[in-house]
Amino acid sequence: MRWREKSFDFVLPSDVGEDGRPMGLKRILLMGNPNVGKSVFFSRITGVKVIASNYPGTTVGFTKGSMKLGEEEVEVIDVPGTYTLEATSKAEEVASQMLQDGDLVINVADATNLERNLYLTQELLERQIPVIVALNIWDDTKHKGISIDVAKLEERLGVPVLPTVAVTGQGIKELVDRIPEAISPALPQRTRDERWAAVGDIIEHVQTITHHHHTWLERLQDASIKPLTGLPIAAVVLAASFLVIRFIGEGLIGYVLEPLFENLWAPLMMKLSVALGSSGFWHDMLIGNLFDGEIDFFQSMGVLTTGLFIPLGAVLPYILAFYLILGLLEDVGYLPRLAVLLDNLMHRMGLHGYAIIPTMLGLGCCVPAIMATRILESKRERFIAATLISIAIPCAASQAMIIGLVGAEGGQYVAMVYGTLFVVWLTLGLILNRAVRGFSPELLIEIPPYRRPSWRGVLTKLWMRTYGFLREALPIILLAIFAIGILYHLGVFDAIANFTAPVVSGLFGLPEEGVVAIVVGFLRKDVAIGLLAPLSLSAAQLVVGSVVLTMFLPCIAAFVVLARELGIKGLLMAIGIMLAATVVVGGLLNLVL
Amino acid sequence: MKEKRQITVRQMQPGQSGTVVQILGGHGPHRGRGHGGYGHGFVDRLHSLGIRPGRRITKVSGMFMWGPVTLQVGRAQVAIGYGMAGRILVEVEGEKL
């Protein structure tokens, strides 16, 4: 992380003028409680798109951008959410360290929850740094029966205060205009009780709350967290999500992408095939093998056939469908409720309920999922969560290929793959909980209110994640297909296949060439699963192959984040567990099926 | 006849309100889902979420099998572990026993 390289000098006196106003403004920090809309705010003022969701802890690292302030280009940093500067968690530690490197703080506060938000404001006012306060989510105050006297609040705090609605952009310009008025009142250092007393005094004078009737959204909110109603609701939500993802994914493939590839792209490629002389090195590389004189997009293994079909024709539809649904669940604010409902189960696996959020992200891609394990407090939890995700949670790309290949043999085989992975996830969690030293802290999270997701927000996030997939996966997939072609050509795989035959055929019951898929799995799991297609495997072998490929070694992208998040020692441990689990599960599955 | 009595958040009924009297920090014997680790950090974190002496809170729900307890604290809802719930003392009004 870049900011770590900087020295943590306290803000020099020269950064604040004699009147307490900012001088030589270079770096603005966006600070506030978790889930008050800092990230949306950040996108608004910098134009940098970031992932924002309706749950505490979406921003675990920090994001940098810049904005124009008059003539000057100023750096803006989206600091992870924090309730206090007293560093009671990793995110808060990061936040309070970054504070020493900033020149000005825009304190984003949730206007619908003013009392708690003002505590951090009080702490900020004690620091030698100019502050300006944004009362965000202002639009929600009215129907919640909250009225805040902004002018009086400004007077009480001694710094500019502006109501804002980051989602729509309301009030942002006014706030930016008043940034030069930000000031540091430099209050004396106080105790916690004194700060709360100050907050209580302010609230009494600036806020009036009128009774409001429970809205249906609030009723639903309570119903989805009470065990008797919450668990059925969770079952319905998850089942519906799964069905909708399949419906959209299959629909896109069946009605859009397959026709495109079969009717438009295939004839074009056949012409190219003929032009290349129907054989030879370049033909094999670009078009690949023909089956009965036809291109088979799953099996031909040419860069322009299978290489394009896997990412665009098979995986992309599911990426779109998955991230659309995930984005909606995130922005509505459902996931923290799932965390509360599943807390009991997750505790048996050495985690607490909040670990369900990285796990759900893992169904999309391992990389952001492993990074999101930072929302968990202890190192032990982060290790268990990251290991479980990288072993037993198939990413959307793998799932798309499993559904495409294994699903062709019948739905029950897909169910077997998912069932096995779920059992592995559970069992491994139970084992790790006993084997890894230390204890897991209890759940302590804020449950955000349900919010109506903005289409703009959901679609922006969907675009960012889809684009991320195309930018990062597409080149690797093309490269992988190309490399496979060359290695086949040179006969390298035959040598490896002979060498690993005892494990691959003896233990897993797969043909020797299956090792190629396992090796390629290190580059991309979707391509690896695709490599099972030309082996003409039985349904049972496909199930074993899919499970083994999902569990065995993370793909290179996941490998890199695992190393970064767990350290080399943690990574080696995770990989050891991974190899052992794959051998045991693959072997058992082969015996049973 | 009604009287004030002190109970823990664990003992509250869903829907019941009370005023926080004390949060018991430190390491002590614990049952159920208690894993230890109730140092100062835990009290600080509850404080920063607005759960502190003098504050009126309402229990929204409790999961069965020593699961987490959801509290309404002002305009926010906070979910806490069962162990923590046993360490928050609240004063509630109830029928005299």
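**View 1. Residue A:A539 and its contacts.** Setting aside residues up to four places away in sequence, A:A539 touches A:E409, A:G410 and A:Y413. The model shown here is predicted. A:A539 sits in helix 22 of chain A. Along the sequence, A:A539 and A:A408 are 131 residues apart. In space, their C-alpha atoms are 9.2 Å apart. A:A539 has 15 C-beta neighbours inside 10 Å, so A:A539 counts as partly exposed. A residue would need 20 or more such neighbours to count as buried.

**View 2. Helix 15 of chain A and its surroundings.** Helix 15 of chain A covers residues 379-392, 14 residues in total. From first C-alpha to last, helix 15 of chain A reaches 20 Å. That is close to the 20 Å expected at 1.5 Å a residue. Of the 14 residues of helix 15 of chain A, 12 are buried, so this helix is largely enclosed by the rest of the structure. The buried residues are A:E381, A:R382, A:F383, A:I384, A:A385, A:A386, A:T387, A:L388, A:I389, A:S390, A:I391 and A:A392. What covers these buried residues includes helix 13 (356-362) and helix 14 (366-372) of chain A. The cover also includes helix 17 (411-435), helix 22 (539-551) and helix 23 (556-592) of chain A.

**View 3. Helix 15 against helix 17 in chain A.** Two packed helices are described by the angle between their axes and the distance between the axes. For helix 15 and helix 17 of chain A, the angle is about 155 degrees and the axes are 10 Å apart. That angle makes helix 15 of chain A roughly antiparallel to helix 17 of chain A. Their crossing is right-handed. Helix 15 of chain A brings A:I384, A:T387, A:L388, A:I391 and A:A392 to the contact. Helix 17 of chain A brings A:L421, A:V424, A:W425, A:L428, A:G429 and A:L432. By class, the contact of helix 15 with helix 17 of chain A has 9 nonpolar and 2 polar residues, and no charged ones.

**View 4. Helix 9 against helix 12 in chain A.** Helix 9 (residues 227-275) and helix 12 (residues 335-348) of chain A pack at an angle of about 120 degrees. Their axes are 10 Å apart. Helix 9 of chain A is therefore oblique to helix 12 of chain A. Helix 9 of chain A passes helix 12 of chain A in a left-handed crossing. On the helix 9 side of chain A, the contact uses A:G230, A:L231 and A:A234. On the helix 12 side of chain A, the contact uses A:R337, A:L338 and A:L341. These contact residues divide into 4 nonpolar, 1 polar and 1 charged.

View 5. Chain B holds 2 helices and 6 strands. Read along the sequence, the pattern of chain B is β-β-α-β-β-β-α-β. Chain B has 97 residues, and buried residues make up 45% of them. Among contacts in chain B with a separation of 6 or more, 66% join residues 24 or more positions apart. The contact between the chains takes 30 residues from chain B and 30 residues from chain A. On the side of chain B that touches chain A, helix 1 (40-48), strand 3 (56-62), strand 5 (76-80) and helix 2 (82-85) each supply at least two residues. The residues of that side of chain B divide into 11 nonpolar, 14 polar and 5 charged.

Methods:
Residues are numbered from 1 along each chain as its sequence is written. Chains are lettered from A and ligands numbered from 1 in the order in which they are written. This is a predicted model: local features need pLDDT of at least 70, side-chain atom pairs count only at pLDDT 80 or more; totals for chains, interfaces and linings use all residues. Helices (H or I, at least four residues) and strands (E, at least two) are DSSP runs, numbered from the N terminus. The expected span of a helix is 1.5 Å times one less than its number of residues. Two residues are in contact if their C-beta atoms, placed from the backbone, lie within 7 Å. Axes are lines fitted to C-alpha atoms, for helices over the stretch in contact, and angles run from 0 to 180 degrees between N-to-C directions. Angles under 35 degrees count as roughly parallel, over 145 as roughly antiparallel, 65 to 115 as roughly perpendicular and the rest as oblique. A crossing is left-handed if the near helix is turned anticlockwise from the far one by less than a right angle, and right-handed if clockwise. Ala, Val, Leu, Ile, Met, Phe, Trp, Tyr, Cys and Pro count as nonpolar, Asp, Glu, Lys and Arg as charged, and the others, Gly among them, as polar.
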